[in-house]
Amino acid sequence: MKKVSLFNINFDNYDFNDLSKFIDNSISRGDNRFIVTCNVDHIIKLRKSKSFSEVYRAADVVVADGAPIVWSSKILGKPLKSKLSGSDILPILGSSFENKKYKIFLLGAKEGVAKKASENLKKTFPNINIVGYYSPPIGFEESSYENEKIKKMLKRAKPDILFVALGAPKQELWIYNNYQDYNIPISIGVGATLDFIAG
Ligand code: UDP
């Protein structure tokens, strides 16, 4: 599908169905892909950070996270089909994950939040297959012990989809620096989505 270039970022012009298809195909092929949900805060941070820009160049899919980006795309004559934020994606995909039996792992947020989010998702989608969750301690990304521990957890749990909630750009950098090592079909940074779901 054709990319739409806005603010120096190449967006994939996906709606929810397109994204679902991409996720399904990646899982059935056993790929190793990562998705970035771009919001206005990212656009500002990208101007200042070379490493964040590198992550964007490597991302398999970039979707627009926020109505302002979709409005701007229309005003600039390059209309994007849809807003797709982490908090749109995770709850809506929940029911299809349930039917397709995809294995989900939730990583990030403060202690107890990933666990609570997992419990709430199971209440809403009783057959959802959450194979693990972990809220690492603050500053974990500097600790090789913690990073190895997480990668071991992921290799053991073998999820199809990893949701990473560490805020931007930490979550995107963490995925970029580790995804080839842990080898999961889909990884996606979801910001504060686990906090929303945990309530
Ligand atoms: N977070 C985390 N570790 C960090 C920084 C943030 O687990 O070092 C979590 C935070 O608890 C929250 C989520 O990342 O659950 C999103 O954080 P924030 O709202 O600051 O990021 P944004 O969504 O604005 O990018």
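**Basis and confidence.** I note that this is a predicted model, in which local features need pLDDT of at least 70 and side-chain atom pairs count only at pLDDT 80 or more, while totals for chains, interfaces and linings use all residues. Residues are numbered from 1 along each chain as its sequence is written. The mean pLDDT (the predictor's confidence in each residue, from 0 to 100) of the protein chain is 95, and 99% of its residues reach 70 or more. For the complex, I read an ipTM of 0.94 and a pTM of 0.96 from the predictor.

**Loops.** I found a cis peptide bond between A168 and P169, with omega about 0°. P169 lies in the loop between strand 7 (161–165) and helix 8. Helices (H or I, at least four residues) and strands (E, at least two) are DSSP runs, numbered from the N terminus. N8 sits in the loop between strand 1 (3–6) and strand 2 (9–12).

**Helix 7.** I noted 14 residues in helix 7 (residues 144–157), with a reach of 20 Å from first C-alpha to last, close to the 20 Å expected at 1.5 Å a residue. The expected span is 1.5 Å times one less than the number of residues. K158 follows helix 7 and has a positive phi, near 45°.

**Helix packing.** I found helix 3 (residues 50–58) packed on helix 8 (residues 170–182) at an angle of about 60°, with the axes 10 Å apart. Axes are lines fitted to C-alpha atoms, for helices over the stretch in contact, and angles run from 0 to 180 degrees between N-to-C directions. That angle makes helix 3 oblique to helix 8. Angles under 35 degrees count as roughly parallel, over 145 as roughly antiparallel, 65 to 115 as roughly perpendicular and the rest as oblique.
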